[in-house]
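Visitor: I am new to reading protein structures. Could you walk me through a few features, please?

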Amino acid sequence: MTTLTAISGARRRADLMARALLIAGTAIAVVPLVLILFYLLKRGIGAWSFHFFTSDPTGRFFGDPGGIRSAILGTIEMVGLATAVAAPTGVGVALWLTEYGKASRFATLVRYFVDVLTGVPSIVFGLFIYITLVLTGVGGSFAGWKGSVALALLMLPIVTRSAEVVLELVPSSLREAGLALGAPRWQVIGRVVLPAALPGIVTGVLLSIARAAGETAPLIFTATIVKASTYDLGAPMNSLPAQIFSDVGQAQDRLVARAWGAALALVVLILLFTTLARLLARRSALR
Amino acid sequence: MESASIGATYGGRPALGRPPLARLPDRVLKWGLAALAAGVLVLIGFFFVRLYIEAKPAFDRFGYFGFTFTNNWDVQGNTFGALPLLVGTLITSAVALVIGVPVAIAAALYTTEFCPSRYRTVLASVIDLLAAVPSVVYGLWGFFVLIPKLRPAEQWFSDTFSFLPFVGGHVAGPSYFIAGLVLAIMIIPIVSAISREVISTVPTDHKEAALALGATRWEMIRMAVLPYSRAGITGAAMLGLGRAMGETIAATIVIGNAPVLGKSLFDQGYTLAAVIANEFGEAASDPLHRAALIAAGLILFTLTLIVNAVARGIIVRGPAREEGAASEAFGATG
């Protein structure tokens, strides 16, 4: 039995075919990304100028359409506030799940519903905030902070799930060592568990920021689309995705050019956060 | 856990116990965090109830069944039947699944089984990058690049294969097909990422056993990898379906926003999510119209809840590691 039987031609061909198909599939998956980035650069970079980033949209039908300053400002303000709400809350829920809830029935239920939340379409969050905060007229009608709340709802499950995964990875021997030294739970959590999991948690938060920055649907119902820059989170607020959405709807070349420029700016912003998250994840020993 | 009582006592309390005041922060933290966790549940319940209350006028007027399954969305006539929207959502997500899922699985298989390990992470993160592109940018690209470039090919296809059902006739620019195609691109990263994680949990023993028996790579995949990861991949596809159904802005831009039942794949249509985003502005002053839009949102919410619950069920039943992987990938897209 020392001779090896050669693989038959048919089997060899099937193998080759399958390989070719898989490579083709992978190529097809990559092509849209290349195309999108290509067109973004090609049409977007032309719109960029100093004026583009430092002026508000004018809304004038002729002449200078203005830039995207208010949109960038609005996105940063609203996503910033949303992060300030969603990050601590999400990490808090994750902490309860890993440190207290563990495998209890209630914790399983919470975990399940956090997963359900990740699957809720972002427009439903927008509708919900519209119904509860805008229609009821809490603090005026449309407002930046209401947009933030919608974004925070969207970020919450992302932060919770990623934080829970990292917190699970903190070795229980570390917790036991802290407790054995007589430290109370809250100190163990604050001084041992959280610091150990921090890089991973930050990665999750950054990814949720990247996600929230690109969301349009929750914002058009809550913060709407305006032109002027504002630092007042209680007033209607512009945002990059909303600005792009409104410009796409106008059949004017100047506005479409602005949409491409804004889209490029938005993608660059999101890639920045994603890359940062990746780098941090690589640094983190826990992941 | 807070104070392990050891035999000796001192002044009425265990010698090693903490004074009551020192134990307070622990209690506060424990119950505070528990309240946060419970808050998530309350939130979802509140969500559903509020949406339902606001949608009720539309349901009262047209009936639950009547609203959902009547083919008549007429804003001027103040009559609302969501069938064209529901059908649009189902058709575009079906197109997205048919195109997107095979591509995503192929990419996942290639990345995990064939790609040289040196390039594996690079290839994986390139495909994940698709998730970093925002919905509105997909819409912009789809509208100004994909629609004009694909139109001749679509028209040719429509003319040549007009004997097929739902094919033929004039090709509209924005259409069910274009929307489905854009959604397919958008679900590739999530389906691929979860499939990749699921496939990487296949025990090396199984794969080596197949190879040792003389299987070719493809036979090994067919006999060892796919059977083991079938549940997980199905779950991944379902999650992709949930995504596709709820996707709003990209679909709004490229579907044409015509509230009718298109006769072919290349006709303009509407989806549940798109109608909300689009008609919302004009509906602010008309309570019935607004209720109808919220009712459309409620239908969408219910649909995605069911799909996601089923997907979760399928994935969780697989090996334990898959769940973590799935939820990670869950969050990493947008």
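Guide: Gladly! Let's begin with a term: a salt bridge is a side-chain nitrogen of Lys or Arg within 4 Å of a carboxyl oxygen of Asp or Glu. Side chains of opposite charge can pair when their charged atoms come close. Keep in mind that this model is predicted. Here, A:R211 and A:E215 form such a bridge, with N and O 3.3 Å apart.

Visitor: Are A:R211 and A:E215 buried or exposed?

Guide: Buried means under 20% relative accessible area. A:R211 has 11%, so this residue counts as buried, and A:E215 is buried too, at 8%.

Visitor: How many salt bridges does the structure hold over all chains?

Guide: There are 15. One of them pairs B:R312 with A:D115 at 2.7 Å, N to O. That pair crosses between chains, from helix 11 of chain B to helix 4 of chain A. B:R312 is buried at 4%, and A:D115 is buried at 2%.

Visitor: Which residues do salt bridges with shared partners join into one network?

Guide: The network is made of A:R111, A:D115, A:R161, A:E164 and B:R312.

Visitor: Now a helix, please. What span should helix 1 of chain B have?

Guide: At 1.5 Å a residue, its 43 residues should span 63 Å, and the end C-alpha atoms are 61 Å apart, which agrees.

Visitor: Where does helix 1 of chain B have a kink?

Guide: Look at B:A55, shortly before the proline B:P57: the kink there is about 50 degrees. Just after this helix, B:G63 has a positive phi of about 85 degrees.

Terms used:
Residues numbered from 1 in each chain as written. Chains lettered and ligands numbered in written order. Predicted model: local features only at pLDDT ≥ 70, side-chain atom pairs only at ≥ 80, totals over all residues. Heavy atoms only, no water. Helix = DSSP H or I, 4+ residues; strand = E, 2+ residues; numbered from the N terminus. Expected span 1.5 Å × (residues − 1). Bend = angle between axes of the 7 residues up to and from the residue. Buried < 20%, exposed > 50% of the residue type's maximum accessible area, 1.4 Å probe, protein only.
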